[in-house]
Amino acid sequence: MKNDKLKNQYRINEQIRVREVRIVGDEGSSVMSTRDALNQARDMGVDLVEISPNANPPVCRLIDYSKFLYQQKKRQKEMKAKQVKVEVKEIRFGPQTDEHDYQFKLKHAREFLEEGNKVRAYVFFRGRSILFKEQGEVLLLRFANDLEEVGKVEGMPSLEGKKMFLYLAPKKAGSAKKSQQARDREAAQAEAKELAKQQKEETAENETPANGGLFANAKISADALKKLQNTEED
């Protein structure tokens, strides 16, 4: 069914009833009568395919129609594969959420954002707990702050009925700010690398004098022997 729809999307050969067309190809484009274009297509053993009917004159290509449909189908498939489906994941809190539960939900929210999904976090106020709405707002703001590396806030916390919502969208790849922990880790790695380099240089320096000492000792021994020989001769 899809192939029939794609096939009927283009006019080919005698279906093209305009007076002239623009032929495009690897070597450029040229305008000619439709009759001449059809004759050229027959001589080449291909089809005259109208790819842009609204242009003036309509744009056509000289190509095997089956090959053309295959290329179009392949292009549509590639474009579909590149489309990222963004989902909205919900994270629910209570106004009295404990630290363990908070960290658990924070971990899941981070994973959702890293996967490219949006996060809708909300605090649900049951009964008289609505009196603690300020506490819920503080919780959501902390939540947003803890996820600033991977998510950006699309709006401040807002109360809708018995729920206070906060919306987070994933940051683009490479735009996330590094956490202080990550920066400290990189600094420690750089410091360790520099220290290893210095130790290597010091080892090399220590080895060089040792070899130099051997040569120096050999030279001293030779001078002493020569001096001794001169003394004996005298």
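Trainee: Which exposed residues sit on the face of helix 2 turned away from its buried side?

Mentor: Arg35 and Asp43.

Trainee: And which residues of helix 2 are buried?

Mentor: Thr34, Ala37, Leu38 and Ala41, in a helix that spans residues 34–44. They are on the same side of helix 2 because they cover an arc of only 100° around the axis, the arc being that of the directions from the helix axis to the C-beta atoms.

Trainee: Why would spacing like that work in a helix?

Mentor: An α-helix has 3.6 residues a turn, so residues three or four places apart point the same way.

Trainee: What covers the buried residues of helix 2?

Mentor: The cover includes strand 1 (20–25), strand 2 (28–33), strand 3 (47–52) and strand 4 (59–63). Contact here means heavy atoms within 4.5 Å.

Trainee: Is this an experimental model or a predicted one?

Mentor: It is a predicted model, where local features need pLDDT of at least 70, side-chain atom pairs count only at pLDDT 80 or more, and totals for chains, interfaces and linings use all residues. Residues are numbered from 1 along each chain as its sequence is written, and side-chain values use heavy atoms, with hydrogens and water left out.

Trainee: New topic. Where is valine 119, and is it buried or exposed?

Mentor: Valine 119 lies in strand 6, residues 118–124. It is buried, with a relative accessible area of 1%. Beyond four places in sequence, the residues it touches include Ile91, Phe112, Phe143 and Leu168.

Trainee: How many residues does the largest nonpolar core have?

Mentor: It has 20 residues, and Val119 and Phe143 are among those with the most contacts inside it. A nonpolar core is a set of buried Ala, Val, Leu, Ile, Met, Phe, Trp, Tyr and Cys residues joined through side-chain atoms within 4.5 Å.

Trainee: Which element gives the largest share of this core?

Mentor: Helix 4, with five residues. A second, separate core of ten residues includes Leu38 and Val21.

Trainee: How many helices and strands does the protein chain have?

Mentor: Six helices and eight strands. Of its 234 residues, 25% count as buried.

Methods. Buried < 20%, exposed > 50% of the residue type's maximum accessible area, 1.4 Å probe, protein only. Helix = DSSP H or I, 4+ residues; strand = E, 2+ residues; numbered from the N terminus.
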